[in-house]
Amino acid sequence: MILGKQLIYSIMDPHAIPVYDSGNVVELRTTQLRPFKNLFDALKENIDDISIYFNSQGMQIYTMDRSQSASIEVSLEADKFDHFYCLHRTDEEGNELGTRIDISVPNVNKVLKTITNDDDLLIWTFNPQHEYLCIYITNNTKLEQSCYRIKLQNPNNVDPTVMEGLDKYSCVLTMPTSDYNQIAKRFKSMNAIYVTIEYSRNHEGEPTLSFSSNTDVAEFSTSRNASTSDENPNSVVFSRIPEGSSCYCDRFSFSHLYNFTKCANIGSKNGGQIVRVYLNEEQPAVLIFNIGSLGEIKISVAPITEEEI
């Protein structure tokens with residue numbers, strides 16, 4: 001059993017050896033069980049199988065949702081884990097190869113759903129001689145450890161695509177994840193099919209963020225006056241706004257935005273989490289949520305046309 005190995009460090013040396021089994025090419029350990037659990041709970045709403053990439057930088061996921069309308073990018077940093085190891089391999093030109101694991105999101109989620117508040121250690125290991133990913137969940141108070149072997153899936157043959165160009169977006173803001181969730185639930189109760197997101201300025205010239213829709217229940221909107229400073233942690237804060245009097249307005253499928261509301265629960269249990277939002281005319285809206293202190297998840301949702309409603 002792995003129980004009792006409490007080494008707390010990160011293995012970044014390419015000549016380092018695995019801790020748990022000499023045949024392992026990937027090992028990770030973290031005490032941040034809740035963010036990990038919530039991450040896969042959010043992913044399972046929109047994705048079936050994924051490819052997970054491991055290298056000296058950490059753990060990455062690049063995928064699309066089932067409708068092929070939203071792209072998802074997850075990046076967890078190696079040095080933010082209590083222990084992280086990935087076998088260092090390079091090609092003839094010296095480029096790092098890393099390791100890829102193809103796995104079922106629902107299966108991983110079912111395993112992580114067994115985590116309780118009393119569990120305090122999560123360990124993943126992968127040995128290429130075996131056709132499964134090992135997940136260990138440890139409770140040191142009870143001196144208990146559960147081991148799960150999840151079968152690998154066939155590769156999806158989709159090349160990873162990194163989101164780029166966010167520095168060119170004209171409108172960038174942050175808002176509390178709890179507010180994002182509340183607005184989404186409000187629109188859900190109104191049977192929203194689409195949501196229009198608009199940036200404008202009110203009669204006093206202050207930046208305003210609005211969400212609106214028209215359903216069989218009512219025509220409705222929610223607007224938030226914003227600021228350009230982060231003095232108020234409960235406000236919408238713009239870090240970048242369109243120049244001059246230009247505004248932003250685009251329409252999105254509500255289901256695509258609502259399906260990712262669980263990402264708002266990924267952060268630490270202490271709350272105070274924010275979502276970063278990137279908006280640019282006729283470009284996908286990008287939402288970025290923190291995953292504890294391990295890294296972040298980016299979700300890119302394309303706007304829709306009148307014909308798609």
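Reader: By class, how many nonpolar, polar and charged residues has the lining of the largest cavity?

Author: This is a predicted model, in which local features need pLDDT of at least 70 and side-chain atom pairs count only at pLDDT 80 or more, while totals for chains, interfaces and linings use all residues. Residues are numbered from 1 along each chain as its sequence is written, and side-chain values use heavy atoms, without hydrogens and water. A cavity is a set of points, on a 1 Å grid over the protein atoms alone, where a 1.4 Å probe fits but cannot get out, and its lining residues have an atom within 4 Å of a point; Ala, Val, Leu, Ile, Met, Phe, Trp, Tyr, Cys and Pro count as nonpolar, Asp, Glu, Lys and Arg as charged, and the others, Gly among them, as polar. For the largest cavity the lining has ten nonpolar, one polar and no charged residues.

Reader: Which element gives the largest share of the lining of the largest cavity?

Author: The lining includes Tyr180, Ile183, Ala184 and Phe187. Helices (H or I, at least four residues) and strands (E, at least two) are DSSP runs, numbered from the N terminus. The largest share, four residues, comes from helix 3.

Reader: What volume has the second largest cavity?

Author: Its lining includes Ile197, Leu209 and Val277, and by class holds ten nonpolar, no polar and no charged residues. A volume is the space filled by probe spheres set on the grid points, which are joined across faces, edges and corners. For the second largest cavity the volume is about 90 Å³.

Terms used. 1 Å grid on protein atoms, 1.4 Å probe; cavity = no way out; pocket = protein on both sides within 12 Å on 5 of 7 lines; lining within 4 Å.
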